[in-house]
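Please walk through the structure below, one region at a time.

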Amino acid sequence: MKAHPREVLLGARSAPLLPVCDHYSGVEARMRKSLQLQAELQQAFGTCVMDVTLDCEDGAPVGGEAEHAALVAELARTAPPGARVAVRVHAVDHPAFASDVAQIVAQAGQRLCHVMVPKVESVDDVAQAVAAIDAAGGADLPLHVLIESPRAVHHAFEIAAHPRVQSLSFGLMDFVSAHGGAVPAQAMTSTGQFTHPLVVRAKLEVASAAHAWGKVPAHGVVTEIADRAALREAARRAAREFGYTRMWSIHPDQVLPIVEAFAPDAAEVEQAQSVLEAALRADWGPVNVGGVLHDRASYRYWWQVIERAHRTGRPLGSTMKALLDA
């Protein structure tokens, strides 16, 4: 059997294939509805287009952290078969961090797809989180980390290099407020976050660090939940201009616009299939398609388009489907 395109074109440091939307909820009714929505969309798209992250950090009431962690553990443990469910625990320096991990990972670690650790400042924080998760029986669980401060941005490449880190997310709200008022509130909006120089620099640094180490860069939230046009534009810019391959949602109405924005358009999918089918016939040697030379460098790009099309439920021809199923 010939080598798979992922093996031929991407190599060992290729980024994991994750759903393009990471949906956060922390209230019991909304967490249950999120898991239901995930199942409905998987049925509709033929693939999982969203992770569901059950939120302890923003979801747990002050003083009720242990009870909330117990609820999250139960929801994760009893999630439908095949569900992609994750948990955001408290930061490593929060009093509830150790109990979050001990309770949720010990009881439901086998059902989790990853653990999100917020407010990671350095690789030492990652090591502390890994030690706690491993001690609770989660030695196989990937970590997603949230970069939320200037110091964390400074260490983003070191953090991304850690072998247990699977994805880096950029935390806009905390990043802006970490500047002591030097960055205006406008920088937290759907438009301002793409224009303020310090925020733009941080976004690019996080995306670059993730790509440098074969990890997934995840764009943060748009808080204007009633403004779908603003969300679509932000998601489009995150995907097309800032190098992000995944994005958070905080309301069910945000999921589909994010999936749409991160999906390749039909013409790009068609071109990808044409180029890759010619490449297969040439055994990955250089080919001329429509007067344009293609070789393994461009094949890599077009194969990634195919993978993204698959993760966003775009229709594909039989040849590409067979490769994805292989």
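Trp284 counts as buried, at 9% relative accessibility. Buried means under 20% relative accessible area, exposed means over 50%, and partly exposed lies in between (1.4 Å probe, protein chains only). Trp284 sits in the loop between H12 and strand S9 (287-289). Helices (H or I, at least four residues) and strands (E, at least two) are DSSP runs, numbered from the N terminus. The phi of Trp284 is positive, about 70°, although Trp284 is not a glycine. Most residues other than glycine have a negative phi.

This is a predicted model, in which local features need pLDDT of at least 70, side-chain atom pairs count only at pLDDT 80 or more, and totals for chains, interfaces and linings use all residues. Residues are numbered from 1 along each chain as its sequence is written, and side-chain values use heavy atoms, with hydrogens and water left out.

Lys119 also has a positive phi, of about 55°, and is not a glycine. Lys119 belongs to the loop between S4 and helix H5 (123-135). With a relative accessible area of 32%, Lys119 is partly exposed.

Six of the six residues of strand S4 (residues 112-117) are buried, so S4 is largely enclosed by the rest of the structure. Strand S3 (residues 85-88) runs parallel to S4, and three bridges join them. Two strands pair if DSSP finds at least two bridges between them. Val85 has Leu112 as its bridge partner in S4.

Strand S6 (residues 165-170) is mostly covered too, with six of its six residues buried. What joins S6 to strand S5 (residues 143-147)? Five bridges do, and the two strands run parallel. His144 has Ser167 of S6 as its bridge partner. S6 also runs parallel to strand S7 (residues 216-219), through three bridges. There, Ser169 stands opposite Ala218 in S7.

Next come the helices. In helix H11 (residues 252-262), the buried residues include Val255, Ile258, Val259 and Phe262. Gln254, Pro257 and Ala261 of H11 are buried as well. What do the buried residues of H11 pack against? They pack against strand S1 (21-25), H2, S2, helix H10 (228-240), strand S8 (246-249) and H13.

H2 has a helix partner of its own to consider. Helix H2 (residues 28-45) and helix H3 (residues 65-77) pack at an angle of about 15°, with axes 11 Å apart. Axes are lines fitted to C-alpha atoms, for helices over the stretch in contact, and angles run from 0 to 180 degrees between N-to-C directions. That angle makes H2 roughly parallel to H3. Angles under 35 degrees count as roughly parallel, over 145 as roughly antiparallel, 65 to 115 as roughly perpendicular and the rest as oblique. H2 and H3 cross in a right-handed sense. A crossing is right-handed if the near helix is turned clockwise from the far one by less than a right angle, and left-handed if anticlockwise. Glu28, Met31, Arg32 and Leu35 of H2 meet His68, Leu71, Val72 and Leu75 of H3. Contact means heavy atoms within 4.5 Å. The residues of this contact divide into five nonpolar, one polar and two charged. Ala, Val, Leu, Ile, Met, Phe, Trp, Tyr, Cys and Pro count as nonpolar, Asp, Glu, Lys and Arg as charged, and the others, Gly among them, as polar.

Cys48 lies in the loop between H2 and strand S2 (50-55). Cys48 is buried, with a relative accessible area of 12%. Beyond its neighbours within four places in sequence, Cys48 contacts Pro19, Gln38, Gln42, Arg84 and Arg311. Cys48 and Gln38 are ten residues apart in sequence and 7.2 Å apart in space, C-alpha to C-alpha.

The last pair is H12 and H13. Helix H12 (residues 266-281) and helix H13 (residues 296-311) pack at about 125°, with their axes 9 Å apart. That makes H12 oblique to H13. The crossing of H12 with H13 is left-handed. Residues in the contact include Val269, Val275 and Leu276 of H12 and Trp302, Trp303 and Ile306 of H13. The contact divides into twelve nonpolar, two polar and two charged residues.

Glu307 also lies in H13. Is Glu307 buried or exposed? Glu307 counts as buried, at 5% relative accessibility. Not counting residues up to four places away in sequence, Glu307 touches Arg6, Leu10, Leu17 and Leu324.
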